[in-house]
Amino acid sequence: MCFLCQIMSVRRAAEDQRLPPASLSAPSSFSDFSLRLTTSSTRITSARSTVAGVDISTLSANQAEAKLEKELGNIATRPVELRAGERKTSVEPAAAGLSVNWEETVAQAGKQTANPITWIRSFFTHRELDIVSAVDRTKFDGEVERISNDLSVAPVDGAVMLKDGRVEVSEPVIGRAVDKQAVGEELSAKWLNPGGIDFAATEEAPAIGADQVREMAEGEAKVAVSSPIVAKGREGINGVIPVERMGEVVSFVRDGERLRADVHVDRAREILAEGLGATEVEMRNARVSFADGSKQVTPSADGVEINWEETLKDFAPRVTTTAGRDFEAVYKDSPATFTTEQANAATFDDVIGEFSTGGFTSASGTNIALTAQMVNGAFVAPGETFSLNGYTGPRGAVQGFVESGIILNGHADKAVGGGISQFATTLYNAAYFAGMEDVAHTAHSYYISRYPAGREATVFEGVIDLQFKNTSANPVLIESFVSDGQVTVRLKGVKTVEVESVNGGRWAYTSPQPMNLSGPTCSPSSGAQGFTTSDTRIVRDLAGNEISRHTQTTVYDPQPIVRCS
């Protein structure tokens, strides 16, 4: 074809593409033709360049970007539907950090070229350009994680259970999972697809499938409900686990890729004890009291109890096999640890520990006196543990206790039974000097000056208790009373030890902080420093030989500066 024919073909193509007239003037030479192409290089080169159907041919880059954003900008805000099999979810582009990079999208069209052959060919081609996405990874990765979870179905293991004496099964469920990396790649590339995106999902088999379920259901589970389990006790009384309650005793749990029978021996013991409990005889130690002024002894009684460890030693196979479902309960004697003879011989002539405190208010005094009356005459046999809360029981208005001062949330307040902590402190010190073993005691949150630092205790019904154990070979009687504005507690028995208390001083002081309160129970306070202290108890025999030495450290919070409004 002649050069003029080429030019005419270019002109006709340009007219079809509606090029500006300035670009259609005939060049005087091939070099002039190339020059004109070069000076028009701000135009999009391709005669048919489209983005999502929008023609950007012949436009400058800026014009193309503006046109695309105007005509296609709304698609960037459209929710994207995502599917994997029957699972569906959606994502908001903005939430996933997805947006359109219009500049890069237009840049795909390229610049006009100085090569006339390439330029001429471009008029006879059509390119649909991809929309280039911009991705904010701080948002994108989190949404990819969520989408992957939404479109995945975790496999569900099959299960076997016992209910009302029947074997019930739960069929396994095959899971389906999408690959998180593939989700990210597909979403970033296809999020503008108006039809949404479909993801491939792979099947995930459960660890416990139908075969394992059937094996257990037709095997050990079926045997477990085949008949009751009977523990034969004395006097024709039995403990029985009926088939209807077998589900309380055994469950079937995953163990790797199989099911395993898990026998709950403790629950079996509880069910069997419902029947066998009647065959046991509770051991009772002798007791001593001086209620009418003279010594009275309540005789001891030996007990008999089931030796559960021996009785249930081989229990698990009894549940999952047909053999040994009837068996004998094993008993053991439980002799009294403090006998009638010992009680008759016991003396309480020595005060082995004594302590007194005072400075309480009238209301607190009422509660302290009532508690002292309850505890007076309490007997603690050798080896027994005394519990203040357990011995007195409830200490409420019904029992005659009144409202008095307590410490609540670090500041002074009032409640029914307030002041009993002073009795607890007095009892704690009496037991301390008697050489009793400290089982449980709790110091006040901040220091109260009428008590010895590091050697005091508080109580709260049902929550904080004071307990000590009589580790001596002799029984102890507790005397407690209120007189002349003081509460006194004495432990009486046979004195075998001397006890010394050594305070370690005070250190690590902390400053009080202000606290604003309101209400009728608010009590203003100037506050007090907190500190740390220690107390060392040294126990010696009556010859002066050291038996034990123990140091305990107590940290007191600062007493707040309370301002009442």
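**Notes on two open sheets**

1. Let me start with strand E13 (residues 229-232), which pairs with E14 in the antiparallel sense over 4 bridges. Two strands count as paired if DSSP finds at least two bridges between them. Helices (H or I, at least four residues) and strands (E, at least two) are DSSP runs, numbered from the N terminus. Within this pair, Ile-229 is placed opposite Ile-241 in E14.

2. A word on the basis: this is a predicted model, in which local features need pLDDT of at least 70, side-chain atom pairs count only at pLDDT 80 or more, and totals for chains, interfaces and linings use all residues. Residues are numbered from 1 along each chain as its sequence is written, and side-chain values use heavy atoms, with hydrogens and water left out.

3. E13 and E14 belong to an open sheet of 3 strands, ordered E14-E13-E20, with mixed pairing. Strand E14 (238-241) and strand E20 (326-328) are at the edges with a single partner strand each, so one side of each has no neighbour in the sheet. On average, neighbouring strands here are turned by 15 degrees against each other, direction ignored.

4. Helix H10 (residues 265-276) lies across E13, E14 and E20, and runs at about 140 degrees to E14. Axes are lines fitted to C-alpha atoms, for helices over the stretch in contact (heavy atoms within 4.5 Å), and angles run from 0 to 180 degrees between N-to-C directions.

5. Another open sheet has 3 strands in the order E24-E28-E27, with antiparallel pairing. Its twist averages 25 degrees from one strand to the next. E27 is joined to strand E28 (residues 467-469) by 3 bridges, and Asp-438 is found opposite Phe-468 in E28.
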